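Good morning, and thank you for coming.

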Amino acid sequence: MNNFDAEVIVVGAGPAGSAIGAYLAQAGHEVIILEKSGFPRDKICGDALTPRAVKEVGFLGMDTPESEGWHRNRGLRLIGGGHRLELDWPDIDGTPNYGLTKPRMTMDEAFARHAQRSGARLFEQVKAMSPDIGEDGWIQGVHASGTDHRGRRVGPEAHFTAPIVIAADGVSSRLAVAMGLEKRDDRPMGVAVRAYHSSPRHADDYIESWVEMRSRNAAGESEVLPGYGWLFPLGDGTINIGAGLLDSSPQFGSVDFRAMMGQWIADMGYEWGIDESTSLGPIKSAALPMAFNRTPHFHKGLLLVGDSGGMVNPFNGEGIDYALESARLAAEVISTYSRYPQRVMREKLQEYPALVGDSLGGYFTLGRVFSAIIGHPALMQFGIKYGMGVEVVMEFVVKLLANLYRDPKVSEADLIDRVIAALTRIVPATSNA
């Protein structure tokens with residue numbers, strides 16, 4: 001058996017795992033990251049970072065040059081109810097006023113290589129098979145199998161040991177499940193489908209969101225399709241096009257997503273110059289774990305970050321922002337307390353779920369309310385019909401959906417900022433219990 005020791009073991013090298021690995025390595029900690037796949041590797045996602053996520057990338061110290069495939073956008077184009085609005089990202093102190101897109105095939109590798117440059121040891125094609133649980137019930141490492149970062153076998157029973165383990169292994173999080181942390185049924189779940197197409201509008205300045213997708217039925221009549229859609233220009237000759245649906249929708253579980261995407265593209269594809277002939281691969285789907293759908297975020301030595309802790313925005317399906325933020329918060333707590341005596345360290349690590357709850361709990365609770373509302377088609381249609389034509393209402397919607405508003409406690413805020421901040425304070429925070 002091969003044995004590998006570190007201060008922290010991170011399972012999963014997506015944005016969350018790579019970010020916490022980079023932060024901890026930069027702070028001088030011995031960190032090992034295990035990634036079951038090899039880079040480059042794909043992830044079903046919209047490939048877009050809002051300005052809030054771009055800010056987190058800045059905290060991480062990563063460069064995002066256009067020469068390496070990072071494409072900037074200036075705002076969001078909203079389409080629905082016969083309306084079309086282009087809204088620039090709001091100017092907020094400390095937050096960039098632009099978003100970024102980059103295919104996950106290369107984006108995730110960029111995060112992983114940044115973690116390596118920061119000093120983390122990355123083991124690709126090494127799969128965490130099971131937690132190593134001590135006699136006291138606390139995790140003390142993982143058993144893994146695969147090849148190491150030099151392509152050598154680490155063996156079918158490699159042992160990676162550390163007093164702190166990070167679950168950054170995505171929506172299914174086998175590691176969290178093995179520690180007894182199942183998904184919560186009282187949180188919304190979504191499904192997203194995605195495809196790539198070549199498009200003459202690949203360098204568009206706006207990402208596009210269709211709050212109402214329509215197609216033509218056999219009789220030539222316009223009909224509303226379930227869910228919402230997006231088109232994200234990637235600046236490399238291609239666009240990412242996809243659709244999402246929440247489990248609060250009455251159609252959830254019965255929709256043929258691939259057929260739905262085909263209908264939508266056939267009806268609106270001319271706007272982006274796409275059709276069946278421009279497709280660059282199959283339509284793929286993935287689950288979206290929302291609003292803290294797995295808790296607690298710290299359990300007997302295991303910390304959950306990103307998708308493993310259900311940290312996807314219920315308003316827009318965005319997860320990278322919260323993957324990076326949760327990684328930063330976890331790294332701060334670990335770096336502060338990891339070298340304390342074991343008893344004290346274990347107690348102090350409980351600060352992590354409290355920090356995540358304080359930062360995101362109220363907002364995610366609002367998102368749960370939102371997900372319930374859009375599950376009622378009549379309410380959604382009413383909002384689209386009467387809201388899309390009022391620009392100040394849509395400015396509110398963009399700030400709310402993208403979680404981009406000024407905190408009145410720390411900076412000058414307008415009325416919209418104050419309303420959103422007040423809403424996130426007065427609702428009960430999403431429980432970590």
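Helix α6 covers residues 320–337, 18 residues in all, where helices (H or I, at least four residues) are DSSP runs numbered from the N terminus. From its first C-alpha to its last, α6 reaches 26 Å, close to the expected 26 Å; the expected span is 1.5 Å times one less than the number of residues. Of the 18 residues of α6, 15 are buried, meaning under 20% relative accessible area with a 1.4 Å probe, protein chains only.

This is a predicted model, in which local features need pLDDT of at least 70, side-chain atom pairs count only at pLDDT 80 or more, and totals for chains, interfaces and linings use all residues. Residues are numbered from 1 along each chain as its sequence is written, and side-chain values use heavy atoms, with hydrogens and water left out.

I turn to the aromatic rings. How many aromatic pairs does the structure hold? There are eight, counting rings of Phe, Tyr and Trp (its six-membered ring) with centres within 6.5 Å; planes under 30 degrees apart are stacked, over 60 edge-to-face, and the rest tilted. Tyr228 and Trp230 have ring centres 6.4 Å apart and planes at 40°, so this pair is tilted. Trp230 also pairs with Phe232, stacked at 5.9 Å between centres and 20° between planes. Trp230 is buried, at 8% relative accessible area, and Phe232 is buried at 12%. Elsewhere, ring pairs join Phe4, Phe123 and Phe160 into a cluster.

Finally, Arg72 lies over the face of Tyr98, 3.7 Å from the ring centre; the criterion is CZ of Arg, or NZ of Lys, within 6 Å of the ring centre and within 35 degrees of the ring normal. Arg201 lies over the face of Trp272, at 3.9 Å from the ring centre.

Technical notes
Buried means under 20% relative accessible area, exposed over 50%, partly exposed in between (1.4 Å probe, protein chains only). Helices (H or I, at least four residues) and strands (E, at least two) are DSSP runs, numbered from the N terminus.
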